[in-house]
Structure formats: structure tokens, C-alpha cells
Amino acid sequence: MPRPSALTRPFWDACRVGRLTVQRCTRCQGYVFVPQEFCRHCRSTTLTWVETAGTGRIVTYTVVWRPQTPAFTAPYVVAVVELDEGYQMISNIVGSDAAGAAVGDRVRVRFVRVSEAVTLPCFELAA
Amino acid sequence: MSRASRRAVIIGASNTRQARTLPGETSGSVTLAATRLALGDAGLDLADVDGLTALPGLDYASGSDAFGYALGLPTFWTGRAVPGPAAVVEAAQAIEWGLCDTVLLAGGQAGLYTDRGSVAPWTRPSHEFIECWGLMTPAEWALSAREYMHRYSVKPERIAYIASVIRNNGSRNPEAVYHGRGPFTPDDILASRMIADPYHLLDCCTTSEGGSAVVLTTAERARDLDRTGVEVLGGGWDSWGPSYTHPPTYDRAATWGRKAGAAAFARAGISRDDVDVFEFYDNFSWEIVRYFEALGYCEAGEGPDFVAEGAIEVGGRYPVVTDGGTMSHSHTGESQRLQRVVQAVRQLRGESAANQVPDARVAVVTVVGEVVLLGV
Ligand SMILES: [Zn+2]
């Protein structure tokens, strides 16, 4: 499970209250994920956390049948999701129709609470 | 010494016996055994070694330092690459600059993969934005393969064909862990259980144990030795940032190794057509397509046609992974990178244990973003 650092804690704290956030540069307006200390587009250190719409599309995905560790139940869907803001993140596609995921499908965030401390932002296929 | 006589050549290259497990062995003991074999192959002694890049097990932080000290060397040059193609280039540069005269590249693994309920320890990324979604090595590599296959409408059997070719090479190789397990057809690959769609079990590398080592020295020193020196013609390596951290999309994977390949061919002063043997890292079947495209043998999307109909089989124009690679020969965690170099050297010396390519003069070795061109 994620062990947040000072840099990443705001992301996980927001997930716990059902908000998907991302770093945004106040200078060039670029989005930065995964979190880092300065902007990947213009190197400015003026990054702030903003909430995203939580919608996007599947860039690519894989259905995993051999779990990483016994903590995961196969099959599960790992995907690269491109958010509508234009940045990408790895996540899981969840929901009863997840096995039908395809490249290009529209998705929206769905928070999955796994413990007191951790809520994972996953995605489900948009109707 | 003139610049020409300081040119680096590979003078020794050996694998220990490779097996699914080597009871009683440790990562240190198999790396030592490989060291002895490669120095013996070269006709050199440990006392000749004044530089090394070593990775026993997964000791990335201090492998070279610790292994060099354990060998009893007083002081020694160390490389920073994981032993493999980039480490060959790095060692050649160190020798040519006069930083050292004889470099040992060594690695091996035994006894580390004991929790068989999980995937192998070197395939479980721990990154905060990766691990929690169950991403492991086959899934990471499946993501770019899936995207490519979608974009260029590639049917799974085109990719399965590649795995069948490599596994058949290994099946014919008496030194391969899975010797005699073939022949395989593309249908056999597709019939194996799914691991991470589109990769079936037989599209993926295996896991095993063993050691490998390579010795480089100056061209002048090599003239006094009995063995054929293999020249380091050119090379390079591209990083794409930390692996298992950022989304491994096809657009990112496609460019990995392109600059390194261009630099390798430019320095070697040879054309793509001059290469006889293609020792590509075959951790997953589609990667062979990616390498041919990244090295400029064909355009993006053309790879599945390029490799088809025997082109990459021994006897074809572009024979790949002639020892059976990680799918059949051996995959130890990291020293399989050196196995690609060892097999290229054996091909160029005409000493392959199986699948010898007649009159092989130039080999290209690639491992993810690393490239080296070797020639005799
Ligand atoms: Zn910026």
C-alpha cells in the first residue's frame, strides 16, 4: 500500500475525501503527475494541487491473470488512463463490466477504500 | 601505447550451468564461478583484472564494490551500468581512456526467488503510484504491447510467432534450461494460460539461476592471447526515466533505444545490413518488434511483417536470440543481460552451442534502451 511522503500526502489525503487531485503549475498551467518538486514543462517550482474532473479515456490496458502477490485477486484490469486535463496515470478499471474495457473507452474515477488510511482512485467505464 | 593498441576487445565470455534452481549455490558463488570461466576462456588471471562491473544477485547499490573487494582486488575501476550491453561500452571507454587495462563484467543469481506464491522479487515494483494497482513486470510490458497491437491492428498470432521462434532456438540448445521442450508453434503459445493480456505464459520470460561473465582487455594485450578478440564497434544507452514509475505507453516505449542505436551505428561506421546476428533481450515477445523498429530496420507498425515468415529464424536474414534467451535459455533476474553479450561473442567466434549463424561477422546486442555492436 502507498506510504505517502510529504510531497505526495496531499494526493492521498484528497482521495480519502473523494477528490482526485493533481499538481498544476501556476506559471505555465501544465499538469504534473506523478508528483514532483518542480514543473516538468517549465521547471517552475510554483506547483499547486487542484481537483480534476475525474474523467478520461483508456490509453492502454491489460487484464492481469497472474497476480503480483496473493494480496491481489485475479483477474484485474491495469490501465493507463489519460485524464481530460491531459495527464496520464496508471490505475485499475473496476466494476462489473471492467473485463470489457477497450482502448479509447471513456472512464470516470471511482474511489475504492482499502483501509482507514488509504483510498485508491480507480476508474470505471462511463456509461 | 598507441590509441589503436588501447582499443578494447572482448577476450572472454562464459555462462555457468543454468538451471531452474541450483541448490547449494548463492548469487556470490555463481558470479564467482562465471568469473573463473570467463577468465579461463580469455587465458587471463584474476591478477590481471583492474576494473569490474559486477552484480551478484540484486545488489544494485554496491555490487561492484563489494564483489571486487571480496575477490581480493586492492583497488579497481568500477562501472555504473548493470552488467550487459551498456556495461560493455562503459568498460571499453574506460580501457581506451587508460583508466584500467582489463575489465571483468560479472553477474548471477541463485537462491533469491523463494516465495513462489508471488511473481519473482525483481518483478515487483515498489513505487507508490504503481504497486497499489497490482502492476508487475508482465503487466508493465503488456501495456505498451497492447497499445501497439491496437494501433496497428496486429493479431496475437503474429506476436506468438516470435515466442515460438525463440523457444525453438532454446529447445535445440543443449545449454538451455528448457532444452528439448519444443518445437512450439504459434498456436502452442496462444494455448498457454494468460498472464497479462496480450501476453500468455509462453510469451514471457522464465525464471532460473546461474551466472555469466565477460572479460575485456586492450587489443595489444589480446594479441598475446590465444582467443579471438571481439571488437566493440559502437554502442549507447537511452534512459526513459525510472522504470515501473510512469505510465509505460507505446509512445514512450517506441523511442527507447533509438538514439543509442543511431549512435552505435554511427560510431561503428556500418549499415543495418552489415549485421548478421540480433541478440535482443526477449523478456516479452513483442519487444523483438520494438527493437527492430527502434534500431531503424523498419518503420513503426511494420515490425510484425518484418519478422514474419522465417526472417528472424536461424537461416533467415535477421536471426534473433539464438541461444533461446530468457524464454528458454535462462533468466536469472539481471545476468540475462550479460547472457546476450556472451551469446553474441560465441556466434562471432563460431562457437555457439547450437543455432550457429554461418560466417557471423557482426552482432547487435540490445537490452531495453542499451545497444552494443560487436564484430570480428
Ligand atoms: Zn510550468
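Where in chain A does Pro75(A) lie? Pro75(A) sits in the loop between E4 and E5 of chain A, where helices (H or I, at least four residues) and strands (E, at least two) are DSSP runs numbered from the N terminus. The peptide bond that leads from Ala74(A) into Pro75(A) is cis, with omega near -5 degrees.

Before I go on, a word on conventions. This is a predicted model, in which local features need pLDDT of at least 70 and side-chain atom pairs count only at pLDDT 80 or more, while totals for chains, interfaces and linings use all residues. Residues are numbered from 1 along each chain as its sequence is written, chains are lettered from A and ligands numbered from 1 in the order in which they are written, and side-chain values use heavy atoms, with hydrogens and water left out.

Let me turn to chain A as a whole. Chain A has one helix and eight strands, and along the sequence these follow the pattern α-β-β-β-β-β-β-β-β. Its radius of gyration, taken over C-alpha atoms, is 15 Å, close to the 14 Å that the globule rule (2.2 Å times the number of residues to the power 0.38) gives for 127 residues, so chain A is as compact as a globular protein of that length. Of those 127 residues, 49% count as buried, which is to say under 20% relative accessible area, with exposed being over 50% and partly exposed in between (1.4 Å probe, protein chains only).

One of the buried residues is Thr52(A), at 8% relative accessibility, in the loop between strand E3 (47-51) and E4 of chain A. The side chain of Thr52(A) reaches the backbone nitrogen of Gly54(A) at 3.1 Å, and, leaving aside neighbours within four places in sequence, Thr52(A) is in contact (heavy atoms within 4.5 Å) with Leu20(A), Thr21(A), Val22(A), Glu85(A) and Tyr87(A).

Now to the interface. By that contact rule, 37 residues of chain A touch 32 residues of chain B. The area buried between the two chains, meaning the accessible area (1.4 Å probe) that both lose on being put together, summed over both, is about 2,900 Å², of which carbon and sulfur atoms give 64%. On the side of chain A, Arg66(A), Gln68(A) and Ile90(A) lose the most area to chain B, together 27% of what that side buries. The rule finds 12 residue pairs in polar contact across this interface, both residues at pLDDT 80 or more; a polar contact is a pair of N or O atoms within 3.5 Å, where within protein one must be able to donate a hydrogen and the other to accept it, and residues adjacent in sequence count only if both atoms are side-chain atoms. Among the elements that give two or more residues to this side of chain A are helix H1 (9-16) and strand E4 (55-64), and E4(A) gives the most, with six residues.

Finally, some local features of chain B. A cis peptide bond also joins Gly182(B) and Pro183(B), with omega about 0 degrees. Val321(B), in the loop between helix H11 (303-307) and H12 of chain B, has a positive phi of about 45 degrees although it is not a glycine, and Val321(B) is buried, with a relative accessible area of 0%. His331(B) is buried as well, at 4% relative accessibility, and a polar contact of 3.4 Å joins the side chains of His331(B) and Gln336(B).
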